[in-house]
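Here is a short briefing on helix packing and pockets. Look at the structure first, then read on.

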Amino acid sequence: MNTLFKDNSIGELIAKFARKELHPSDAYAAALENIRELDPKYFAWVAYGDDAAVERIKLEEETFGVDPDRLLEGIPVGVKDIYNTAEFPTQMGSPLWKDFTPGNDARAVYHLKRQGANVVGKTVTAEFAVHALNETLNPFDAERTPGTSSSGSAVAVSLGMVPVATGTQTAGSIVRPASFCNVYGCKPSFGTIPRTGMLKTTDSLDQVGFFSAHAGDVRRIFDSLRVSGPDYPISDSALGDPQRQTKPKGKPWRVGFARTHTWQYAPRYAQDAIESFIKKLASADGISVTDAPLPVEMRRAHEVHQTIYDKSLAYYFKGEHKQSDFVSPVMNEIIARGNALPAEAFAAALASQNELIRSMDEYMQDFDVLISLSTAGEAPMREVTESPDPALMWTLAHLPVVSVPQFRSPDDMPFGMQVVGRKYNDYLLFNFLEHLESLALIPKQAGYLL
């Protein structure tokens, strides 16, 4: 196995490119080497490049040189197979879309390329990015789930096939694979990464994010992907506001510990692990930690989410549903539930979501970040339904989160910790994570298996 991406952050790779100690074609070749070695066992990729792509990149670097000012210059990336890509099919985990080639790039993919990234290929997703378990295997235990629909991307990063891969989250599809596969997973504030040119499932819930091997790369990847400028006045104003994005000098970090209403589903080892971390965090200089009981209406988060989710999927996939032999049983069940919901219930759920967004935005003004479990604990067996966890709560409320590869279960299986920010306070969240990294309270890089 080539350890290039384990040994070097994205920033370190680009610095080596600039000094000509390493070349972008070498990085792409390292990605192919690891994919060819490991993917026959773990099944993280739908399609990927070849040696001709290495030669093309080599010619480009010889002709045009390397631009170290581009944030992802020469960095190989994996793209979840619900994003349009010009050079690879976009099949969305469904045989109904087998070999479909859109002929263009999703806006997020365009942003990656504009910053110098090289797309290695498409990572496996669940059927239409919903719940049906795909063929991807958890690197830590093949009999356990690797997570939900972005698991191909998480596994690709976990095994060092690429240093970064894109994902999406409508419920917990970034946080759960990140937790179970021991990598950093970032779901930024709703709307900060564009969704144009991608599969749509739920308008008020679909959110775009990514997986990273190194903590220090999270900010860089977000900057490569996010929208900016006068066409996005609300998010751009907030993200550029120093008062929102910087902790006041001389003031401690205000951290809330949110057990949430899903705490009862976490096994004792998971509760003990995060409570132990919170005690350690509270003893660090410059950090003030308090218990953070959430607004009572957040107890309805899972109920509200399911109503919006079911009705939206029933609407957007009614065409595919007519060909039910090609749609998984879980999709059929969701669509049947959605069709049974009256329009009034959907409208009421959307109104409840908007109220929760407003409520949590107001609530978060008293905290710089919240901390919660990412998942109830370690990955369950593949045939076992995942226990309720806090992941979809923050999705519903449009809050930015990073899942940190923090804990191990008694069976030595990984599970993560979520750090949550106020909506559009993504940079304040990243600042806090970088502070924790400087104190060695979170890992500098994901704990590679191999």
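In which hand of crossing does α3 pass α4? The crossing of α3 and α4 is right-handed, which means that the near helix is turned clockwise from the far one by less than a right angle. The model is predicted: local features need pLDDT of at least 70, side-chain atom pairs count only at pLDDT 80 or more, and totals for chains, interfaces and linings use all residues. Residues are numbered from 1 along each chain as its sequence is written, and side-chain values use heavy atoms, without hydrogens and water.

**Helix pairs**

- Helices are DSSP runs (H or I, at least four residues), numbered from the N terminus.
- The axes of α3 (residues 24-42) and α4 (residues 51-64) come within 8 Å and cross at roughly 165°.
- α3 and α4 are therefore roughly antiparallel (angles over 145 degrees).
- Their contact (heavy atoms within 4.5 Å) includes Y28 and L32 of α3 and V54 and I57 of α4.
- The axes of α12 (residues 301-316) and α14 (residues 329-340) come within 7 Å and cross at roughly 100°.
- α12 and α14 are therefore roughly perpendicular (65 to 115 degrees).

**Pockets**

- A pocket is an open set of points on a 1 Å grid where a 1.4 Å probe fits, with protein on both sides within 12 Å along at least five of seven lines; lining residues have an atom within 4 Å of a point.
- The largest pocket has a volume of about 700 Å³.
- Its lining has 25 residues, and α12 gives the most, with five.
- The second largest pocket has a volume of about 300 Å³.
- Its lining has 18 residues, and α4 gives the most, with five.

Notes. Axes are lines fitted to C-alpha atoms, for helices over the stretch in contact, and angles run from 0 to 180 degrees between N-to-C directions. Helices (H or I, at least four residues) and strands (E, at least two) are DSSP runs, numbered from the N terminus. Angles under 35 degrees count as roughly parallel, over 145 as roughly antiparallel, 65 to 115 as roughly perpendicular and the rest as oblique. Grid points are joined across faces, edges and corners, and a volume is the space filled by probe spheres set on the points.
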